[in-house]
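Hi,

Here is the structure I said I'd pass on. Have a look at it first, then read my notes below.

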Amino acid sequence: MIKKITLALVVLLVAIQLIPMEKNESGPTEFDITKSYNVPDNVSMILKGACNDCHSNTTVYPWYSKVQPVGFWLNHHVDEGKEHLNFSEFTKIPLRVQNHKFEEIVETVESGEMPLADYTYLGLHPEANLSGEQRQVLIDWAKEQMAMLASKYPADSLKMKPRPVPAQ
């Protein structure tokens, strides 16, 4: 019985290797954050190493992404990251949401929520293990972008509208 179960698992693992996986390796660039915001080289390097794989349209996939079901899990992870923040489509979203995204960058980097621990787990992505100085660079940059927006636009255009309370 154990031999049959083991054989079935091996066949299943081999079979799922044949399922094609759509990759997040390109996309439109006309709405990239760099089109409207100053992204200095030091910030760009941090974003490239620690953020863009999950928060842009240009993921650099590690070798193990070719092994299923790991590849499926990684793709789901990337899709989820892009739902929350996508630097490649940043200027496409309303200005108040862009401002809010900068607030969220400050909050998640300050609290250590980002980059995610499972992204840096086991040293697989050492470039994403941000030092305190790198974290501060990102925080300061996001705050500078919020200050720039505040100086150019009326305050009410940068505030998020309250979400309606669902009826019960």
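A salt bridge here means a side-chain nitrogen of Lys or Arg within 4 Å of a carboxyl oxygen of Asp or Glu. Before you dig in: this is a predicted model, where local features need pLDDT of at least 70 and side-chain atom pairs count only at pLDDT 80 or more, while totals for chains, interfaces and linings use all residues. Residues are numbered from 1 along each chain as its sequence is written, and side-chain values use heavy atoms, with hydrogens and water left out.

Searching the whole structure turns up two salt bridges. In one, Lys 101 pairs with Glu 104, and their closest N and O atoms are 3.5 Å apart. Both sit in helix 5, three residues apart, or about one turn of the helix. (Helices are DSSP runs of H or I, at least four residues, numbered from the N terminus.)

How exposed are they? Lys 101 counts as buried at 15% relative accessibility, while Glu 104 is partly exposed at 29%. Buried means under 20% relative accessible area, exposed over 50%, and partly exposed in between, using a 1.4 Å probe and protein chains only.

The other salt bridge joins Glu 110 and Lys 143 (4.0 Å, N to O). This pair links distant parts of the chain, with Glu 110 in helix 5 and Lys 143 in helix 7, 33 residues apart. Glu 110 is exposed at 52%, and Lys 143 is partly exposed at 40%.

Away from those pairs, have a look at Glu 22: this residue is in the loop between helix 1 (2-16) and helix 2 (41-50), and is exposed, with a relative accessible area of 72%.

Cheers

How values were computed
Helix = DSSP H or I, 4+ residues; strand = E, 2+ residues; numbered from the N terminus.
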